[in-house]
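User: I am new to this structure. Please walk me through its helices.

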Amino acid sequence: MEVGFLGLGIMGKAMSLNLLRHGFKVTVWNRTLSKCDELLEHGASVGSTPAEVVKKCKYTIGMLSDPSAALAVVFDKDGVLEQIGEGKCYIDMSTVDADTSSKISEEITKKGGYFLEAPVSGSKKPAEDGQLVILAAGEKTLYDEIIPAFDVMGKKSFFLGEIGNGAKMKLVVNMIMGSMLNAFSEGLVLADKSGLSQQTLLDVLVLWLIQCSR
């Protein structure tokens, strides 16, 4: 399978490398083109613009830093929309809001292309290890076709239905994780103020988590 990949930040670089290591042909693009050099060493091709990548590849993945970057890659000059069309597929794995996903989906669909939002749960290490959780929504046929790539980049993929559901699920997950981290930090402070060893607390929590996972 040949895949285009737009955006080589901390996450995109690791995800692209995993695709290359598992035998995918990958054409990459990044706003700062020098970031493509390491991918070249691993066998990737480089596109000079997002449009050029889309023209070459049936499937193109975007992993951009924020909603404004995700929109710019699609709508700006030499962007995804200039070459998207019948038989072309775009998968946006950036963390964006539901409205941003809907805007991108609407315009790509108008031009006859297929769109899937697929934000991920996980950070640098899971991206490097291919252990991301992928939260996809949109065109089910495209989801089924791109599963081989998802299986390389992630440990589990979920199809959540209509566009916007992936973005909403990611935001809910982030809220829960943020609340857990806040409670964890407060627990460490409370242990310290109570004269307890923070390391012992960590050891207790690890054992508890192991028991809960059985």
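Analyst: First, a definition: axes are lines fitted to C-alpha atoms, for helices over the stretch in contact, and angles run from 0 to 180 degrees between N-to-C directions. Helices are DSSP runs (H or I, at least four residues), numbered from the N terminus. This is a predicted model; local features need pLDDT of at least 70, side-chain atom pairs count only at pLDDT 80 or more, and totals for chains, interfaces and linings use all residues. Residues are numbered from 1 along each chain as its sequence is written, and side-chain values use heavy atoms, leaving out hydrogens and water.

User: At what angle do the axes of α4 and α5 cross?

Analyst: Helix α4 covers residues 67-75 and helix α5 covers residues 98-110. Their axes come within 10 Å and cross at roughly 10°. Angles under 35 degrees count as roughly parallel. So α4 is roughly parallel to α5, with a crossing angle of roughly 10°.

User: Which residues of α5 meet α4?

Analyst: Contact means heavy atoms within 4.5 Å. From α4 come Pro 67, Ala 70, Leu 71, Val 74 and Phe 75. Their partners in α5 are Thr 100, Lys 103, Ile 104 and Glu 107.

User: Is Ser 101 buried or exposed?

Analyst: Ser 101 sits in helix α5. Buried means under 20% relative accessible area, exposed over 50% (1.4 Å probe, protein chains only). Ser 101 has a relative accessible area of 1%, so Ser 101 is buried.

User: Which residues of α8 are buried?

Analyst: Helix α8 covers residues 165-193. By the under 20% cut-off, its buried residues are Gly 166, Ala 167, Lys 170, Leu 188 and Ala 191.

Methods:
Helices (H or I, at least four residues) and strands (E, at least two) are DSSP runs, numbered from the N terminus. Angles under 35 degrees count as roughly parallel, over 145 as roughly antiparallel, 65 to 115 as roughly perpendicular and the rest as oblique. The expected span of a helix is 1.5 Å times one less than its number of residues.
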